[in-house]
Amino acid sequence: MSTTLPPTMDMLPDAFTGPSAWLGKDMVNTQDAWLYHLTDADIGDLETAARHFQNLGLNVGEITAETFPLATFGAHITQIKEKLLSGVGFEVLRGLPTAGYTQAFAATIFCGIGAHIGSARSQNADGHILGHVRDIGADANDPNSRIYQTCERQTFHTDSADVVGLLCLREAKEGGKSLLVSAESIYNRMKQDRPDLLVKLFEPIATDRRGEIPDGAKPYMEIPVLSWHEGYLTAFYQRQYIDSAQRFDDAIRLTPAHVEALDMFDSLANDPSLCFGMQLEPGDMQFVHNHSQLHDRTGFLDWPDPSQRRHLMRLWLSISGDRPLPDCFKERYGSIEIGNRGGIITNKTQLHAPLD
């Protein structure tokens, strides 16, 4: 556990006012701030790069910016990175015609864009850099289950990487809306209304590893929900995993004040004036900066035909030029070296990209 003392209230900013401290009600009415429609030229450039990569005969897990060469779309990827790190903190690319692609071709384009944004990180103990978000019938109440493998409502959370990317291949029959909220906007409201509870979120708190435990580590991490480090507010949060960490006898105990602070954090994350939702369409690619944003997904009803069921691909990325992280993040990331951090690494991890 980090020995750094939590900040006192007089050490914290009064409020955040930059573009990443957005309000959901404003984002609904300013889609141009986060939604980009791919042009025919963009799609052509991406498809040409994908064909080039496939002709190399490599596994999609080996894709790099050099093996996925872009003639023109690279300029927009530079804009995506700027938006993630110093803008609103997320972007959606719309219009990729995935219905006419094989799954391998769609994965190649998605991973190719990811390779230009940053380096892919392992999403589980098996070393999968390409994840598959869909209901596989996992038990949402099992403390070792991953919530994204169910059809249940998730809760607002961050993932264990600088950036999370999603590619929608198929929608559910009903539901499955993607939700976002700004950590800075939650902070602003708590600082205004309950600073006594806000300060509790800067204290170390136990978060369950859900069975994916690095060699020699505890089955849980001890990282604050909010960290104030070198001028950046960084969030690390998954309420279900905080609650389930209490099953370990030596985990830090949640006090009534901690529970009240977490409850308020959750309530504000779900406040319709702060958060907003979008229905990802087939071909949509969403990229979110994990350190400044929290994401969620509503529950869904899937199609009875297995071949039609909701299916999203997922990337975790480490991005150069990102913010520094405090030492406590070594508990999750191992290394906190900028551009080479994040993911789930155990002694059996071997990186690869399963296409299904």
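How many bridges pair strand β7 with β12, and in which sense do the two run? The views below, all from a predicted model, start there.

**View 1. Strand β7 meets β12.** Strand β7, residues 178-182, pairs with β12 over three bridges in the antiparallel sense; strands count as paired if DSSP finds at least two bridges between them. Look for Leu180, which sits opposite Phe276 in β12. Strands here are DSSP runs (E, at least two residues) and helices are too (H or I, at least four), numbered from the N terminus.

**View 2. An open sheet of three strands.** The order is β12-β7-β14, with antiparallel pairing. β12 (276-278) and β14 (293-297) are at the edges with a single partner strand each, so one side of each has no neighbour in the sheet. From one strand to the next, the twist averages 30° (axes are lines fitted to C-alpha atoms, for helices over the stretch in contact; angles run from 0 to 180 degrees between N-to-C directions).

**View 3. Helix α5 across the strands.** α5 (residues 183-193) lies across β7 and β14, at about 50° to β7. Eight of its eleven residues are buried, meaning under 20% relative accessible area with a 1.4 Å probe, protein chains only. Among them are Ile186, Tyr187 and Met190. The buried residues pack against β7, β14 and α8 (256-269), among others; contact means heavy atoms within 4.5 Å.

**View 4. The start of α5.** Ser182 caps the N-terminal end, with a side-chain oxygen 3.2 Å from the backbone nitrogen of Glu184.

Residues are numbered from 1 along each chain as its sequence is written, and side-chain values use heavy atoms, without hydrogens and water. Local features need pLDDT of at least 70 and side-chain atom pairs 80 or more, while totals for chains, interfaces and linings use all residues.

Key:
Buried means under 20% relative accessible area, exposed over 50%, partly exposed in between (1.4 Å probe, protein chains only). A polar contact is a pair of N or O atoms within 3.5 Å; within protein, one must be able to donate a hydrogen and the other to accept it, and residues adjacent in sequence count only if both atoms are side-chain atoms.
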